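This report describes one protein model for a reader who has not seen it before. The sequence and the structure come first, and the text follows.

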Amino acid sequence: MNLGTLKLSKINIIFFISMVFLFTACTKKINIDYSKKIETLSEDTNNTNSEVSIFDKNKENIVLKKDIQKQIVPKKNEIIVKKQKVIPLDIKELETIPQESIIEESAISTRQSTELNTNNLDQFKFDFIKKGKQDKNTLLIVGGIQGDEPGGFMAASLFSTHYNVIKGSVWVIPNLNFYSIIKRSRGPYGDMNRKFSNLSKDDPEYEIITRIKNYIKSPEVSLILNLHDGSGYYRPKYIDSKHQPRKWGQCLVIDQENLDGVNRYANTFEISEEVVKHLNENLLDEEHIYRTKNTHTRFQKTYEETEMAKTLTYYAVKQGKSAFGHETSKDLTVEQRVYYKLLAIEKYMDIMGIKYQRNFPLTVEGIKKALNDDINVKFDDIDINMPLKDIRNIQKYFPINKSGVIKYLPSNPLIKIIKVKNEYIIYYGNRRLTKLQADYKEHINFDTKIDFIIDGKNKKVKFGDTIKVKKTFIVKQHPKFRINVIGYKSKSGIETDQEISKDKFLKQYSIEKNGNIYRIEFYKENKFVGMILVEFI
C-alpha cells in the first residue's frame, strides 16, 4: 500500500464516520421535532392496547387505530386524539387576573340615555344578575357575546326576568356585548368571542373581557353555558350545503371529551349527550335534531392560533371549569331558538341539582308572550312607568328634560335608550320599539295628588300613576297646574272638568297601537311637573 492509497483510505474513513454522525444527529433532530407535534396523550401511552382516534377535520369522522407505539404520522388535516382520555390541565396556562369582588345584584340598575358610538362603550356595560342562594355549585349563563345572535341574549334575558331559583345558584349575563346587540353586528372591534387569548390592553373591549374573565374564574362557578345562534344545521357527515359538518346550528359544543383535574362536571361529553337526549325528546321538528360537536380544541396542530382556542368556553376550560356552547339554527324563529335554549338550561340545572320555577309555559307561544308582554320602562325624572308592548313607532312632543339626558329603569336588561339628534330611540335587544320626539322642558318636582272622577268614583292620583277606566273619567281643574289631555278632542278647548270617554280621543295620539292608553301632562307655566296615564280597559 503506497502513501497515496493510505491517505485516500483515511479520508474515506473520516468521511464515513462524519456521515454516520451527521445522520444520527439529523435523526435525533427529526425525532425531537416530531415529538413536539404529538401531544402526550396520557401516562399509559406505553400500553399497546390503547386506542387512538384520528379526527379528520374535513369529514369529521372518527377512525380508531391500534398500537400507539407505532406513532403513525398524521396525514394532512388530521390530528391525533386520545379516545375518552385527555391531557390534565396545565396549571401554567391559568391566567393571573386579580379577582374582583362580586357585587350582589338582584335588579337592573338605573340607566341613562346615550349616543350610539364607540366612544361611549362605557355606557354599554353588561348586566350581572345573581339568582338563588349563592354556593360553589353555580351555573353561569352568558348571552349576547355576538350581537347578531338574538336567540342567545333573548333566552338569557328571559331567564333573568321570568325564572326563580329556589335551590342552588345561577349567575346570568344576558347582554355581554351590549353595543353589538344594538348594532346587530358581531362587534364594533371584531368578534368578541375571539378575544379570550392574548388580548392587548389597548383593545377597546379589554375591560369588558377582563370583567367576564373574573366571573368565569370565580370559585363559585362550576359550569358555564355560552349561548349562540349558528348557521344551518350541524351534521357529522355532509348531506347538503345546509346540513353538514361545517354548520353550527342545533348542536352542543364541547372543546374536549373529558377534563382531567376538574373537580366537578369533568365528563363533558357524557353531560352533553344527556342534554342532547333531552332536547331530542322535545323537538318541534325532526330537522331540529341536536348532536354534540367536539371541536377537540386542545389537540389542534397549532391550537394557540386556531379560532376555537380564542373563545370564551376554551378560556373557561383552561381555568378548570366545565364549559359548553349551545347553538340554535338561525333558520329558526327567535321564539323557537329561545325554546331550545331554555330546554337546555333547565336540563343543565337538573344535572347540577339546581331547583327553579318559571312563570310561563315552556312552549313557543308561551315564550312569545313572555318576551313581549312584560316589558316597560320607568322614567326617573317624570316618574312614569311606560308600557312597551305594542307601543307606537313614535311618541310625539314627549317632555324631555332640558339637560337632554333621560334617566330610566328598564324592566328588562335588553332595554336601552339611544339619543339620535332630537329623538330618543327605545331598543329592546336589537329591535327598535319606538322613538320619543323631544319637547325639551325644564322639569320641576311636585309632591302632590290630582283629583279624578273615575267611572263615577272620586280618587286622588299621584304623578306617575296609571288610572284604569272602564267608561269615563274626569280630571279636576287644579289651581297650580295647566293640564293637557293628549289626544282629547275638546270642542270648547277646555280639558278639565269634562267627562271623557275613549271615543273622544284621536287614536293616533295613544301610546300603543290599540288606542287604549293616553298621556295626561301637567305644567306650571311652561315647566313640566308630571304625567299620569289613563288606560281604558
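Asp-331 counts as partly exposed, at 41% relative accessibility; buried means under 20% relative accessible area, exposed over 50%, and partly exposed in between, with a 1.4 Å probe and protein chains only. Asp-331 forms a salt bridge with Lys-242, and their closest N and O atoms are 3.0 Å apart. The pair joins distant parts of the chain, 89 residues apart: Lys-242 is in the loop between strand 10 (233-234) and strand 11 (243-244), and Asp-331 is in the loop between strand 14 (322-329) and helix 7 (334-352). Lys-242 is partly exposed too, with a relative accessible area of 37%. A salt bridge here is a side-chain nitrogen of Lys or Arg within 4 Å of a carboxyl oxygen of Asp or Glu. Side chains of opposite charge can pair when their charged atoms come close.

The model is predicted: local features need pLDDT of at least 70, side-chain atom pairs count only at pLDDT 80 or more, and totals for chains, interfaces and linings use all residues. Residues are numbered from 1 along each chain as its sequence is written, and side-chain values use heavy atoms, with hydrogens and water left out.

**Overall make-up**

The secondary structure of the protein comes to 8 helices and 30 strands. Helices (H or I, at least four residues) and strands (E, at least two) are DSSP runs, numbered from the N terminus. Of the 537 residues in the protein, 51% are buried. The accessible surface comes to about 26700 Å², and carbon and sulfur atoms hold 49% of that surface; the areas come from the Shrake-Rupley method with a 1.4 Å probe, and for residues only the protein chains shown count as cover. Among contacts (heavy atoms within 4.5 Å) with a separation of 6 or more, 68% are between residues 24 or more positions apart.

**Salt bridges**

The count of salt bridges comes to 23. The table gives three of these pairs.

| Pair | Closest N and O atoms | Relative accessible area |
|---|---|---|
| Lys-242 and Asp-331 | 3.0 Å | Lys-242 37%, Asp-331 41% |
| Lys-389 and Asp-373 | 3.1 Å | Lys-389 39%, Asp-373 22% |
| Arg-186 and Asp-191 | 3.2 Å | Arg-186 32%, Asp-191 18% |

Lys-389 forms a salt bridge with Asp-373. This pair also links distant parts of the chain, with Lys-389 in the loop between strand 17 (384-387) and strand 18 (394-401) and Asp-373 in helix 8 (residues 364-373), 16 residues apart. Lys-389 is partly exposed, and Asp-373 counts as partly exposed.

Arg-186 and Asp-191 are linked with Asp-148 and Glu-149 in a network of salt bridges.

**Charges without a salt bridge**

Where does Lys-441 lie? Lys-441 is in strand 22 (residues 431-441). Lys-441 is buried and has no salt bridge; the nearest side chain of opposite charge is Asp-439, 4.0 Å away. Lys and Arg count as positive and Asp and Glu as negative, while His and the chain ends are not counted. Leaving aside neighbours within four places in sequence, the contacts of Lys-441 are Ile-400, Asn-401, Lys-402, Tyr-523, Asn-526 and Phe-528.

Lys-402 also belongs to a surface patch of positive charge, together with Lys-480, Lys-524 and Lys-527. Patches are made of residues with over 30% relative accessible area and no salt bridge, with like charges joined within 9 Å and nonpolar side chains (Val, Leu, Ile, Met, Phe, Trp, Tyr) within 5 Å. The place of a charge is taken as NZ of Lys, CZ of Arg, CG of Asp or CD of Glu.

**Loop residues**

Lys-480 is in the loop between strand 26 (472-475) and strand 27 (482-485), and Gln-477 lies in the loop between strand 26 and strand 27 as well. Is Gln-477 buried or exposed? At 59% relative accessibility, Gln-477 counts as exposed. Beyond its neighbours within four places in sequence, Gln-477 is in contact with Thr-496 and Asp-497. Gln-477 and Glu-495 are 18 residues apart in sequence and 8.6 Å apart in space, C-alpha to C-alpha.

Asp-497 is in the loop between strand 27 and strand 28 (500-501) and is partly exposed, with a relative accessible area of 35%. Phi of Asp-497 is near 60 degrees, a positive value in a residue other than glycine. Tyr-265 has a positive phi as well, near 55 degrees. Tyr-265 lies in the loop between strand 12 (251-254) and helix 5 (268-280) and counts as buried, at 16% relative accessibility.
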